[in-house]
Amino acid sequence: MPAEAARARLAFPLRVARLVALAIVIGWSLSNAWYRITDWSMSDMDAYWNAAMRMREGAMLYPPLADPSAADVYRYAPWFAWAWVPLTYLPKALVAIGWSLVLIAATVAALRPLMRPTAASIGAAALIGSMLIWAASVGNVQPLMVAVLVHGIDRRSGPLWVGIAASLKAVPIVYVLLYLGRREWSRVVATLGVAALLAAPLLVTPLGNYPAGPGDSQGPLWALHPVLVGTGLALLAAFTIRLASQRSSHARLLAVGTLLAALPRITLMDLSNLAVGIARAGPERDVGGS
């Protein structure tokens, strides 16, 4: 009885504390989203546009850089620049509007699985949504990449989406650990094959000026000790494989944690990857892999 009475006395203040925390998260997220919406610069789109223009003109895809951390620095595989070449024959303003609409639609699609009637889901959707809006406001491909991973990892076409994402930002290759854990060997091979095929043009592309530095800000873990971080990543990968083998609903979230720890450069925008991990409603399902 005393224990029940103590829990009853704590119930109200705990409920108030949760509501206050939720209000802070939602308030900050709305403020951040509004700031980004009112400063819709599409600055990162310049990286894709300028790279496509260089491809059109036969110039270097990765030219010498005065500022490796500038928004218009192109860091992706050559195929993505080629994909933008046809768009450069259209008015840039029209392309910016169309690309903005694509990224807004991707943001909505990425958030839909998070929209549940619980305080935790509402807070997570608000926080992640503000990060995706930030990415959309600068024209970064992040919302589209997150959306296809949220909805695509467990589809039969999953290896295609993971491979494409890995060819764009490298670290999404960690999602192959989910297939490894589930012993879906054909999907592992397909994922690695897609990523390798899309990245293959790098072998014949001059990379002397590739922006390999930390860029915006160095990953905080890598700044400590590379060997320790590498060991930690290996352990995270092993735990991810183990949870995936058990069809655990936490496997994808741990995979996202591995991805964030592996990032060589990081911004708050990268936290939008959490959508991939928390979009699961239940245990990992067998989608008919090998």
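**Figure 1. D154 and R182, a buried pair in the predicted model.** In this predicted model, D154 is buried, and R182 is buried as well. The two residues form a salt bridge, in which the closest N and O atoms are 3.1 Å apart. D154 lies in the loop between helix 6 (142–152) and helix 7 (158–169), while R182 lies in the loop between helix 8 (176–181) and helix 9 (185–199), so the pair ties together parts that are 28 residues apart in sequence.

**Figure 2. R182 and E184 within a network of salt bridges.** The side chains of R182 and E184 also meet in a salt bridge, with a distance of 3.2 Å from N to O. R182 and E184 are both buried. Through salt bridges that share partners, D154, R182, E184, R187 and R252 are joined into one network. As a general principle, side chains of opposite charge can pair when their charged atoms come close.

**Figure 3. The salt bridge between K92 and D46.** The structure holds 5 salt bridges in total. One of them is formed by K92 with D46, and the closest N and O atoms of this pair are 2.7 Å apart.

**Figure 4. The crossing of helix 4 and helix 5.** Two packed helices are described by the angle between their axes and the distance between the axes. The axes of helix 4 (residues 92–111) and helix 5 (residues 119–137) come within 10 Å and cross at roughly 160 degrees. Helix 4 is therefore roughly antiparallel to helix 5, since angles over 145 degrees count as roughly antiparallel. The crossing in which helix 4 passes helix 5 is right-handed.

**Figure 5. Residues in the contact of helix 4 with helix 5.** Which residues of helix 4 meet helix 5? On the side of helix 4, these are L103, T107, A110 and L111. Their partners in helix 5 are A125, I128, G129, L132, I133 and A136. Sorted by class, the contact has 8 nonpolar and 2 polar residues, and no charged residues.

How values were computed: Residues are numbered from 1 along each chain as its sequence is written. This is a predicted model: local features need pLDDT of at least 70, side-chain atom pairs count only at pLDDT 80 or more; totals for chains, interfaces and linings use all residues. Side-chain values use heavy atoms; hydrogens and water are left out. Axes are lines fitted to C-alpha atoms, for helices over the stretch in contact, and angles run from 0 to 180 degrees between N-to-C directions. Helices (H or I, at least four residues) and strands (E, at least two) are DSSP runs, numbered from the N terminus. Angles under 35 degrees count as roughly parallel, over 145 as roughly antiparallel, 65 to 115 as roughly perpendicular and the rest as oblique. A crossing is left-handed if the near helix is turned anticlockwise from the far one by less than a right angle, and right-handed if clockwise. Contact means heavy atoms within 4.5 Å. Ala, Val, Leu, Ile, Met, Phe, Trp, Tyr, Cys and Pro count as nonpolar, Asp, Glu, Lys and Arg as charged, and the others, Gly among them, as polar. A salt bridge is a side-chain nitrogen of Lys or Arg within 4 Å of a carboxyl oxygen of Asp or Glu. Buried means under 20% relative accessible area, exposed over 50%, partly exposed in between (1.4 Å probe, protein chains only).
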